[in-house]
Amino acid sequence: MFHVEQFKINDIMNITKLKNAVRNVPDFPIPGIQFKDVTTLFKDPELLTELSDTLYEMYKNLNITKVVGIESRGFIMGPILATRLHAGFVPIRKAGKLPAATYEDSYEKEYGIDTIQIHQDALNENDIVLLHDDLLATGGTMLAACRLVQKFKPKQIIVNFIIELEDLKGRALFSPDVQLDTLIHYPV
Ligand code: AMP
């Protein structure tokens with residue numbers, strides 16, 4: 001488990017510039033939430049390329065065979081990164097969206113239970129999987145996604161987020177054996 005600062009990324013991109021491009025939207029979708037909006041980062045062509053280059057440099061030597069993205073904001077950088085790494089892309093979607101046979105897992109959200117699914121033929125035990133989402137909050141979504149990916153007994157699972165809300169301590173849910181990388185850090 002390590003933070004991205006351990007990579008020599010300053011030659012590739014300025015994390016402060018990246019962080020400044022994320023829009024904070026107070027009280028969305030409900031009062032009290034500080035929503036970190038990555039669309040303002042993604043719309044900037046220079047930053048989008050720099051982000052893609054940075055993630056590529058982080059993972060290019062790990063022989064990643066599949067990038068697994070979580071609906072819906074994991075579907076933006078996930079496929080971009082998959083093409084850079086010459087890996088496949090696999091979606092994890094909310095229940096009822098994937099057309100073929102699926103495995104599913106549920107986790108508790110603030111209000112009620114959410115269920116996510118993956119196709120049963122999406123991965124195999126020879127895969128080295130990079131799981132990606134835009135943001136780590138409480139960690140419940142990614143932990144359920146990890147459980148789904150573990151069903152395939154892949155060789156290795158690596159977890160990546162663009163943003164980590166450190167005060168929510170989502171990182172603590174994951175075993176110290178799991179490599180969990182984040183680029184931008186906020187208190188909440
Ligand atoms: P969690 O399961 O609590 O880690 O929530 C992570 C998921 O919810 C990710 O897919 C995020 O995109 C989304 N999310 C949670 N909190 C926020 C936030 N403050 N700003 C933007 N997205 C959020």
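Tutor: Strand S3 (residues 66–70) and strand S7 (residues 128–136) run parallel and are joined by four bridges. Strands are DSSP runs of E, at least two residues long, and helices are runs of H or I, at least four residues long, both numbered from the N terminus. Two strands count as paired if DSSP finds at least two bridges between them. Within this pair, valine 68 has leucine 131 of S7 as its bridge partner.

A word on the source. This is a predicted model, where local features need pLDDT of at least 70, side-chain atom pairs count only at pLDDT 80 or more, and totals for chains, interfaces and linings use all residues. Residues are numbered from 1 along each chain as its sequence is written, and side-chain values use heavy atoms, with hydrogens and water left out.

Now the whole sheet. Seven strands form an open sheet with mixed pairing, in the order S5-S6-S4-S3-S7-S8-S9. The edges are strand S5 (102–108) and strand S9 (179–186); each has a single partner strand, so one side of each is left without a neighbour in the sheet. From one strand to the next, the twist averages 20 degrees.

Next, the helices. Helix H3 (residues 45–59) lies across S7, strand S8 (156–165) and S9, and runs at about 150 degrees to S9. Axes are lines fitted to C-alpha atoms, for helices over the stretch in contact, and angles run from 0 to 180 degrees between N-to-C directions. Helix H4 (residues 74–85) also packs on the sheet. H4 touches S3, strand S4 (88–94), S7 and S8, and its direction makes about 165 degrees with that of S4. Contact here means heavy atoms within 4.5 Å.

Finally, the rings. The whole structure holds three aromatic pairs. Rings of Phe, Tyr and Trp (its six-membered ring) pair if their centres lie within 6.5 Å; planes under 30 degrees apart are stacked, over 60 edge-to-face, the rest tilted. One of the pairs is tyrosine 103 with phenylalanine 152: centres 5.5 Å apart, planes at 70 degrees, so edge-to-face. Tyrosine 103 lies in strand S5 and phenylalanine 152 in the loop between helix H5 (140–150) and S8, so the pair ties together parts 49 residues apart in sequence. Tyrosine 103 is partly exposed, at 30% relative accessible area. Phenylalanine 152 is buried, at 7%. The classes are buried under 20%, exposed over 50% and partly exposed in between (1.4 Å probe, protein chains only).
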